[in-house]
Amino acid sequence: VPFGFELTEQMYHDVIQEPEVNRLCFLGNPDKARATFIRNLLLAQIPIDIYGSGWERYLGMDNPLLTIHKAVYGIDFWKVLRAYTIQLNLMRIHNLNSHNMRSFDIPGVGGIMLAPHTLDHITYFDVDKEIFVFKNIDDCIAQVKTLLNFDAKHRKEIREAAHVKALNNYTYYHQVTVFDSLLNGL
């Protein structure tokens, strides 16, 4: 059973009122692999905002394309996931070929997720309709450039499709129901 997400209807309606920020965003804490990936994005002249703790130790603060923000929680977490045109999902070493919590948080709030091409991602969501995936850094860079140029109508369609898929399939309530039916079927 995959992870899920939990976002009340009222919180969802509050966060969709936030103005869109036409940039790439990563919300998460650093590690060496994530920092290397982001450095490569910066070398390709991709502007990125990062939210998390301790990024200064990994990336410094001297790149005009990079803005580092403190970690966000609660409603601010959901606002950040929703506000940016693209949310980058970078996996940790222990789930490189599967999914993580952001795999559902981002679509759940109607964010546009750009994530590694994994069997889970392409199984759970319709690629290029609900989420976007990349196979390597060059593919990611190309995807970012394309996604940042989508018109507002297209972005809205993607956001709505992602939210509907996540809401109908990946809330924690839904996941518990699936798990319960699996246990009762034994």
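Good morning, colleagues. The structure before you is a predicted model, and every value I quote is computed from it.

I shall begin with the chain as a whole. The protein chain contains 9 helices and 6 strands. Its radius of gyration is 16 Å, close to the 16 Å that the globule rule gives for 186 residues, so the chain is as compact as a globular protein of that length. Along the principal axes, the C-alpha trace spans about 55 × 35 × 30 Å. Of the 186 residues, 49% are buried. The accessible surface amounts to about 9,600 Å², and carbon and sulfur atoms account for 55% of that area. As for contacts with a separation of 6 or more, 65% of them join residues 24 or more positions apart.

S2 pairs with S1 in the parallel sense over 4 bridges, and phenylalanine 26 stands opposite isoleucine 50 of S2. With S3, S2 likewise forms a parallel pairing over 4 bridges; here tyrosine 51 has histidine 69 in S3 as its bridge partner. Which way do the side chains of S2 point? Ile48 and Ile50 point one way, Asp49 and Tyr51 point the other way, and all of them are buried.

In general, nonpolar side chains of soluble globular proteins tend to be buried together. In this model the largest nonpolar core has 29 residues, and Ile38, Leu41, Ile48, Leu88 and Leu114 have the most contacts inside it. The elements that each supply at least two residues to this core include strands S1 (21-27), S2 (48-51) and S4 (84-88), together with helices H2 (32-43) and H7 (137-148). Apart from this core lies another, of 22 residues, with Tyr51, Trp78, Tyr84 and Ile106 among them.

Residues up to four places away in sequence aside, leucine 88 touches Leu24, Cys25, Phe26, Phe37, Leu41, Ile48, Leu114, Phe134 and Cys140.

Next, helix H4, which covers residues 75-83. Its buried residues are Phe77, Trp78, Val80, Leu81, Arg82 and Ala83. They pack against helix H1 (9-15), strands S1, S2 and S4, helix H5 (102-108) and helix H8.

Helix H8 spans residues 152-169 and holds histidine 163. Is histidine 163 buried or exposed? At 11% relative accessibility, histidine 163 counts as buried, because the cut-off for burial is under 20%. With residues up to four places away in sequence left out, histidine 163 touches Tyr12, Pro107, Gly108, Val109 and Gly110.

Tryptophan 55 sits in helix H3 and is buried, at 0% relative accessibility. Beyond its neighbours within four places in sequence, tryptophan 55 is in contact with Phe26, Gly28, Asn29, Pro30, Arg34, Ala35, Ile38, Ile50, Gly60 and Ile68.

On the exposed side, alanine 33 belongs to helix H2 and has a relative accessible area of 58%. Alanine 33 and proline 116 are 83 residues apart in sequence, and their C-alpha atoms are 13 Å apart in space.

Finally, I draw attention to two backbone angles. Glutamine 45, in the loop between H2 and S2, has a phi near 65 degrees, a positive value in a residue other than glycine. Glutamine 45 counts as exposed, at 56% relative accessibility. Aspartate 128, in the loop between helix H6 (119-124) and S6, has a phi near 70 degrees, also positive in a residue other than glycine.

Thank you for your attention.

Key: Residues numbered from 1 in each chain as written. Predicted model: local features only at pLDDT ≥ 70, side-chain atom pairs only at ≥ 80, totals over all residues. Heavy atoms only, no water. Core = buried A, V, L, I, M, F, W, Y, C linked by side-chain atoms within 4.5 Å. Buried < 20%, exposed > 50% of the residue type's maximum accessible area, 1.4 Å probe, protein only. Contact = heavy atoms within 4.5 Å. Pairing = 2+ DSSP bridges. Rg over C-alpha atoms; globule rule 2.2 N^0.38 Å. Areas by Shrake-Rupley, 256 points an atom, 1.4 Å probe, with all protein chains shown as cover.
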